[in-house]
Amino acid sequence: MKHIETIGVVGAGAMGRGIAQIAAQAGIRVRLFDVQPEAVEAARIALNAVWQKLVAKDRMTSSQADAALQSVVACGDLAEFADVDLVVEAIVERLNVKSDLLRRLEGIVAPDCILASNTSSLSITALAAACERPERVVGYHFFNPVALMKVVEVIDGARSDPRHGDALMALARRMGHTPVRARDMPGFIVNHGGRGMNIEGLKTAQECVASFQDIDVIMREQAGFRMGPFELMDLTGLDVSHPVMESIYRQFYDEPRFRPSPITALRTAGGLLGRKTGEGFYRYEDGQKVLATEAATPPFPSGIAVWVAPYHSSGHRRAAALLRELGVEPVTSELPPRDALIVVTPYGEDTATVVAEYQLDGSRTVALDTFFGLEAGKRRVIMCSAATTPHWRNAAHALFGRDGSPVTVIADSAGFVGQRIVATIINVACDIAQQGVATPEDIDLAISLGLGYPGGGPLALGDALGIAHVLDVLRGMQRTTGDMRYRPSLWLQRRAQLGLTLRATPAAT
Ligand SMILES: NC(=O)c1ccc[n+]([C@@H]2O[C@H](COP(=O)([O-])OP(=O)(O)OC[C@H]3O[C@@H](n4cnc5c(N)ncnc54)[C@H](O)[C@@H]3O)[C@@H](O)[C@H]2O)c1
């Protein structure tokens, strides 16, 4: 395996600068080139400022900072890359410009020099196609900001020599990063795994299930994510995230799981891009989100009788236990008595489907989401059908908020909000595993470090929530909506059938 001592970085923008920083900090010599020579000088000044700050915080000595700065050499000509062991390109995201650069580099560097691309959306195989030695072209996908985002994807193109990927894995570790290995497929691991959250969040909003704000709040306070889809898209900006949604959908030949939403097309056209334009899914004043006030919990209805439908066994048990904690003993008759609130606990189905299937009184029926547990203090989500009357909706809101836990009331939805978004995220991750893009371990590492998802990554999260329950949610959604986007990945279905975990790989032959 090739040992790397000197690297050439092409492109001194946000990414090239970050890559130069972590390499120099690890004692690796860096040559930095950009078509705009002033960008290289600006990068060295910015790097010096970063290192001086680290010195001030006692995280680096001043001699280490001096050495790091000296190891980043500004180059005015690509010819100065003749003796580097590796080139990482971080230039403009255009296939022909990157291919031209790689071809030019082949005429300058040694035959065994590795050529790496930091592309986030182009195929490594396609980039390598024009090269004389396509086997030396590998993907090296860092995230922004490079020094803080500690994960890097090492991507093998169809013709890459795996030994070069191994060398990049070792180099990433020397630079203090966690490398994950991916096969060349659209979105690699992180941008592929990130499809579920935004796309399903948008579909949920498009069906008028809940407001953008309510969907975000549910994802944070019920499902345990750091951010909901609309906060995330406002941060990234729709000028970036909308084209990525369209591009990955097309690259997978209109895979329904990745079908984008007209909501983002429309808002992009209208300039509602997010924080950067002062308005996105939220309005911003002085950089702060303007939030709608939540509806207050209505007064507790004394003497209320509650019947919990026994159709979904674990949901039923969780709901009944919560009611007892809230001081209400659920009625245990076989059928709901007159004038009792009817609580159903579906997985993946909407309230209307359960009402119709069991011939319940729709005006008194509400659904409670039991998928994430119902501990005090955690947000609870209840769902009403079009037939639920305001009287019974308010009664349910008061009841489930009796201990002070926040409650969000949403409109009817196959899979509430949290169930459908989280099951979609898990399903997409399962399909990444099924396609052999990466190992289950690397999928969880990449997605938890790259996207900050909770639970140790989507596969571990699926195991913790219960694979059978996740499968129930997906099948319920597919049955209720008829939409193929919810079909369970074979990876998930087979592991549920075999009683294995989502992280189980086939035994080696
Ligand atoms: N910014 C991100 O969040 C991010 C994250 C991961 C990957 N990437 C990828 O990294 C690459 C660079 O992104 P960035 O955000 O640093 O861009 P940037 O616009 O900040 O910097 C690109 C730099 O490349 C230079 N450049 C353009 N064409 C060149 C050429 N032919 N030869 C030499 N220099 C050239 C430009 O002058 C500029 O300084 C892109 O491929 C992008 O998709 C970006």
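His 312 counts as buried because its relative accessibility is 15%, where buried means under 20% relative accessible area, exposed over 50% and partly exposed in between (1.4 Å probe, protein chains only). The structure is a predicted model, in which local features need pLDDT of at least 70 and side-chain atom pairs count only at pLDDT 80 or more, while totals for chains, interfaces and linings use all residues. Residues are numbered from 1 along each chain as its sequence is written, and side-chain values use heavy atoms, with hydrogens and water left out.

- His 312 lies in the loop between strand S11 (306–308) and helix H13; helices (H or I, at least four residues) and strands (E, at least two) are DSSP runs, numbered from the N terminus.
- Apart from neighbours within four places in sequence, His 312 is in contact with Thr 345, Pro 346, Tyr 347, Glu 349 and Val 354, contact meaning heavy atoms within 4.5 Å.
- The C-alpha atoms of His 312 and Val 344 are separated by 8.0 Å, although these residues are 32 residues apart along the chain.
- Ser 314 belongs to helix H13 (residues 313–325) and counts as buried because its relative accessibility is 14%.
- When residues up to four places away in sequence are not counted, Ser 314 touches Tyr 347 and His 469.
- The side chains of Ser 314 and His 469 make a polar contact of 3.2 Å; such a contact is a pair of N or O atoms within 3.5 Å, where within protein one must be able to donate a hydrogen and the other to accept it, and residues adjacent in sequence count only if both atoms are side-chain atoms.

**Nonpolar cores**

- The largest nonpolar core has 97 residues, of which Phe 81, Val 87, Ile 189, Phe 225, Ile 410, Val 422 and Ile 443 touch the most other members.
- Helix H16 (residues 418–434) provides the largest share of this core, 10 residues.
- A second, separate core of 42 residues includes Val 40, Val 138, Val 146 and Met 175.
- A nonpolar core is a set of buried Ala, Val, Leu, Ile, Met, Phe, Trp, Tyr and Cys residues joined through side-chain atoms within 4.5 Å.
- Among the residues that Phe 81 touches, not counting those up to four places away in sequence, are Val 10, Phe 33, Val 87 and Ile 108.

**Pockets**

- The largest pocket holds about 1,300 Å³ of space; on a 1 Å grid over the protein atoms alone, a pocket is an open set of points where a 1.4 Å probe fits, with protein on both sides within 12 Å along at least five of seven lines, and lining residues have an atom within 4 Å of a point.
- Grid points are joined across faces, edges and corners, and a volume is the space filled by probe spheres set on the points.
- Its lining comprises 43 residues, with Phe 143, Asn 191, Thr 236, Val 240 and Leu 451 nearest the centre of the largest pocket.
- Helix H11 supplies the largest share of that lining, eight residues.
- By class, the lining of the largest pocket has 22 nonpolar, 16 polar and five charged residues, where Ala, Val, Leu, Ile, Met, Phe, Trp, Tyr, Cys and Pro count as nonpolar, Asp, Glu, Lys and Arg as charged, and the others, Gly among them, as polar.
- The second largest pocket has a volume of about 510 Å³, and of its 23 lining residues Gln 21, Gln 25, Val 50, Ala 147 and Leu 148 are the closest to its centre.
- Helix H1 (14–25) and helix H2 (37–56) each give two or more residues to the lining of the second largest pocket, and H1 contributes the largest share, six residues.

- Pro 229, Phe 230, Glu 231, Met 233 and Asp 234 are the buried residues of H10, and their cover includes H8, helix H9 (212–221), H11 and helix H12 (262–269).
- Gly 237, which follows H10, has a positive phi near 95 degrees.
- Thr 408 lies in strand S15 (residues 407–410) and counts as buried because its relative accessibility is 4%.
- A polar contact of 2.8 Å links the side chains of Thr 408 and Arg 379.

**Backbone features in loops**

- The peptide bond from Asn 144 to Pro 145 is cis, with omega near -5 degrees, and Pro 145 lies in the loop between strand S6 (137–141) and strand S7 (151–156).
- Phe 188 has a positive phi near 50 degrees and lies in the loop between strand S8 (178–183) and H7.
- Phe 416, in the loop between S15 and H16, has a positive phi near 45 degrees and counts as buried because its relative accessibility is 0%.
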